[in-house]
Amino acid sequence: MASPRRDGPVWKPRAENQLLAHDLPRVDGPLKVSGRARYSHDVRLPGMLYGRLVCCPVPCAEVAVDLAGALKLPGVEAAVVVHEGTTRTVGQVVAAVAARTVEEAEDGARAVRLSIEELPWAVDREQALAPQAPAVTRRGNRRERGEDGDAEAVARALAESHAVVEATYSLPVQHHVCLETHGCVCDYRGGDEATIYASTQATFGIARDAARVLDIPARNVRTIVHHMGGGFGSKFSLDIHGRVACMLSKECSRPVHLLVDRSTEFHTGGNRSGSRQHLRGGVSAEGELTALEAEAEMFGGVGGGAVARMPYIYSVGRVHARRASVHTHTDSSRAMRAPGHPQASFAMESLVDELATAGGFDQVEFRKRNLADPVYHRQLDRVALEIGWPGHPHRSAPGDAEGIEAVGIGFGVSVWGGGGSADACECEVRIERDGGVTSSMGSQDLGTGVRTYLAAIVAEELGLELSAVEARLGDNRLPKANASGGSVTTGSAAPAIKDAAHEARVAFAEHLAEVLGVDTGSVTFDGGVVRAGKETLSWSAACETLPDEGLRARGVWREHLQASGVHGAQAARVRVDLETGRVRVEKMVCVQDQGLPLNRLALRSQINGGMIQALSYALLEERLIDPDLGLLLSDNLEDYKIAGSLEIPELVAIIDDDDERAAPIGMAEAVVIPGAAAIANAIHNACGVRLRHLPLTPTKVLEGLAARARGEEVR
Amino acid sequence: MTRAFRPRSLDEALALLADGELAARAIAGCTDVLASDAAAGRVPPAVVDLSRLAELRDIRTAGEEIDIGAAVTFAELRADRLVRRHLPALAEAAATIGAWQIQNRATLGGNAANASPAGDSLPVLLALGARLDLASAAGARSLAYDDFHLDYRRTALGPGELIVRLRLPVPPPGSVQRFEKVGTRSASAISKVVVAFAARRRGACIEGVRLAAGSVGPVPRRLEAAEAVLEGATPATGLAEAAAAAAAAEVRPIDDVRSTAAYRRWVLGRLVRRWVLDLTGPDALSTD
């Protein structure tokens, strides 16, 4: 029988969906809240050993390793040298031990003898840029990373500006603080096959690295990531932790569990680079941004660091911008949720706020005037309304800091791409004779909700309940998928899932048409039943007509099923205690677009998470290194504080339904970007204290209030 | 390897602790000692668990006192009716220490014996005028809590001596108490400054003033200079500021990973000032 011409898959208009564009509780929620979800940390295998790392205790040294003492200890089954010679960070892994229990492994790690010849080091900017500073990289401690624009044109435009603001903004190094620390369980028992249970953002990406360490064919390495406790950009590779697990497993042909403790996580898990940005901006009497001179230093340790390009989102007449990496003997920066963007946003949004104040402009109107994309105008109006800006007393000048507390409001905007990667993902949908439906893709769910839409897109297409479709992911034996980072997963995966769902529906309709002798066009799937011509079949009755092997359909990425380019606006309202300097964020509002909202509940959760992470960055988080000893002081969650439940304000997450794009776009990065700036701006709005250096601690608030009382400006 | 003992009577516990060769350490909730031993790689030769000793486990009224066993947990204190009614500052401190898991294990006597300058219940014990019943194999004695903390992490406890009970006077009618803690975040945070206040109004006068603070020096301490400013005073312009200045001047805070000396000093003064303004009411506020 000739196949009727198939129409390609298209996303339905939002209102016609039964599942998509609705609130869908995540399908793995019950497993997670009941403790039944098995993370890599939870994997226990017969004969499994526990691995522990031995790390360099000083910032820079010549290190030699002696394993003999460790190998003599009871329970220690393997020990390996990971690195000898020059080390460049506290925490650089030099050796590792595997033993029958965690305690024996820790004893073993302590028994590894290191010969350390400490070398000169530099752990902060001042030390790295001092004359005669020890070289962190072969190319020096300060590396220019790019320059855009015309400095002279900027100087001329600034000279003609109505008002000019010049200021330095800085941000500390931030950690990812994934709930699940780095590492994996390597199950290698000799032979030429292995299974890796990893906490990773790249289920497919890590197999080749593991194969290289194990010296077996990459095709024989299976990787499993059924549940994953957060990555935020820090878990794209097998990493040192995974490589060492494989080395230990190879050494003794036994499974090795190596997931690091919190201190090791802080030392070796990477971070968001710090930065110091010197900006000079001008504004015209009419309220237009005339010029920007921007100089950024990025503090990525032995890595390069990141700061997004200036002017961040805003339209500025003339711009000259330079970026440089300043290297130190500290752990390398890595990708972290919107790499470089929160840093650029904090500096630029603060400067915009300062220029609006200098010119006496309303903060919202001033932003709209200098944002070209009209999407931001409607989003800013919406968050302004929601946060109470229209009735707020301090819209173009800050409050006067009288009394014991002050309330202020601040704003910021965000941008992200969020499109998918071409041909990176495939999906397989199976309909079984017994009525079971599975939707499979090897991708990983970092907590973002991939598993839920993997089922929901298929259920929507087949007119089934969400629970009728089983989603399978986190396994490199399933159809291919890319790493989850840069908010590309939705744009990469959802089109392939949609395509597979569509293929399955069309193939099932064709099959039923043939079996029942009706027109393919008359077969519809809705509400758990199948209508074919004049007949109505239950789903299970329809499936019983399938052959024993059921029905399989494969979907590939289709460009038109995704889009890219997201926008967001956020507002924060704070209450500043003028006596203790404590800042209570009372409310945050975010309006975010992302094309078709696949799962509105997951999106709002993602928005809430972004605002919380930004609040934590703004008020609390700061990596502290003792400049005299070179040691990390904040290697635990007591000294490196993240926001707790009592810090969380009223959060209003608004999905921008004025965005009429039909296809979904990734947005998780965008929502973490503007919150820190919005909070800093709100503090200024409340009491006239401009804080230019994160975190926004009570001490800094009090210093600012004291300076304001003396009529000074704090820089 | 550590030897662990779980005595069933106080005498048995004291005998174990008196054994010099055993070199045993008393433990109860272990919330601090376990973590700090693990961090330092210390392995104590022997431990004596106090949590089964009935003498240390109850709260009762004895005359004009609330008499609290040293091994009563903060969760128990937080929920206890007597404590909530008569010692609200202690109930509040108990509800603020660590997280619930910590409060379920950590004990009042342990907090005192551990003697951290940041121990949240310690300023409360000072402000409420606690007395300690101490015991060792050599005998029992009573000690004013004011005399308990000698220096950084050093107490008046002799070798093998235990805190058995903590006695706090029932405050007379008209008394007010307050507990204030400033940490990096609202919960599960070690204090930057922790303060407890107690006083009563008699007519226009303030009397029975006891103020105490933690995290502002090597030991939790009374704010005697501030007390002297306030004792017997009547609300007047500048009283709150004078008390605040006295408090800020008499402490010796340090810079550390959690805060700075300057911030601690300033905030202590502001907390004292605010409390005095609240205590003395709108009269004082209007003259401010």
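Predicted model: local features only at pLDDT ≥ 70, side-chain atom pairs only at ≥ 80, totals over all residues.
Chain B comes in three pieces: domain 1 covers residues 3-49, domain 2 covers 54-169, and domain 3 covers 175-286. Taken over C-alpha atoms, the centres of domain 1 and domain 3 of chain B sit 36 Å apart.

Next comes the place where the chains meet. The size of an interface is often given as the accessible area lost when the parts come together. For chain B and chain A, that figure is about 1,700 Å², with 53% of it on carbon and sulfur atoms. Chain B puts 21 residues into the contact, and chain A puts in 20. There are six salt bridges between the two chains. In one of them, Arg258(B) pairs up with Glu638(A), and the closest N and O atoms are 3.7 Å apart. Polar contacts link the chains too, with seven residue pairs counted between chain B and chain A, both partners at pLDDT 80 or more. On the chain B side of the contact, strand 11 (175-183) and helix 11 (261-287) each supply at least two residues. The largest share, seven residues, comes from helix 11 of chain B. Sorted by class, the side of chain B that touches chain A has nine nonpolar residues, five polar ones and seven charged ones.

Thr107(B) is found in the loop between helix 6 (100-105) and helix 7 (108-114) of chain B. With a relative accessible area of 6%, Thr107(B) falls under the 20% cut-off and so counts as buried. Leaving out residues up to four places away in sequence, Thr107(B) touches Ala28(B), Gly29(B), Ala70(B), Ala71(B), Val72(B), Thr73(B) and Phe74(B). The side chain of Thr107(B) also reaches the backbone nitrogen of Gly110(B), at 3.0 Å. As for Leu211(B), its C-alpha lies 23 Å from that of Thr107(B), and 104 residues separate the two in sequence.

Over in chain A, Asn370(A) also sits in a loop, this one between helix 10 (363-369) and helix 11 (374-387). Asn370(A) has 4% relative accessibility, so this residue counts as buried. Setting aside residues up to four places away in sequence, the residues touched by Asn370(A) are Gly287(A), Glu288(A), Leu289(A), Tyr314(A) and Ser315(A).

Then there are some backbone details. Chain A has a cis peptide bond between Met310(A) and Pro311(A), with omega at about -5°. Pro311(A) belongs to the loop between strand 14 (289-299) and strand 15 (318-326) of chain A. The peptide bond from Leu694(A) to Pro695(A) is cis as well, and its omega is near -5°. Pro695(A) is in the loop between helix 16 (675-687) and helix 17 (698-709) of chain A.

Positive phi values turn up too. Gln132(A), which is not a glycine, has a phi near 65°. Gln132(A) is in the loop between helix 4 (125-129) and strand 7 (142-149) of chain A, and it counts as exposed because its relative accessibility is 78%. Ser215(B) is likewise a non-glycine residue with a positive phi, near 65°. The loop holding Ser215(B) runs between strand 13 (205-214) and strand 14 (221-222) of chain B. Ser215(B) has a relative accessible area of 10%, so it is buried.

Notes:
Residues numbered from 1 in each chain as written. Chains lettered and ligands numbered in written order. Heavy atoms only, no water. Domains from an automatic or database assignment. Contact = heavy atoms within 4.5 Å. Buried area = accessible area lost by both parts, 1.4 Å probe. Salt bridge = Lys/Arg side-chain N within 4 Å of Asp/Glu carboxyl O. Polar contact = N/O pair within 3.5 Å; in protein donor to acceptor, adjacent residues only side chain to side chain. Helix = DSSP H or I, 4+ residues; strand = E, 2+ residues; numbered from the N terminus. Nonpolar A, V, L, I, M, F, W, Y, C, P; charged D, E, K, R; others polar. Buried < 20%, exposed > 50% of the residue type's maximum accessible area, 1.4 Å probe, protein only.
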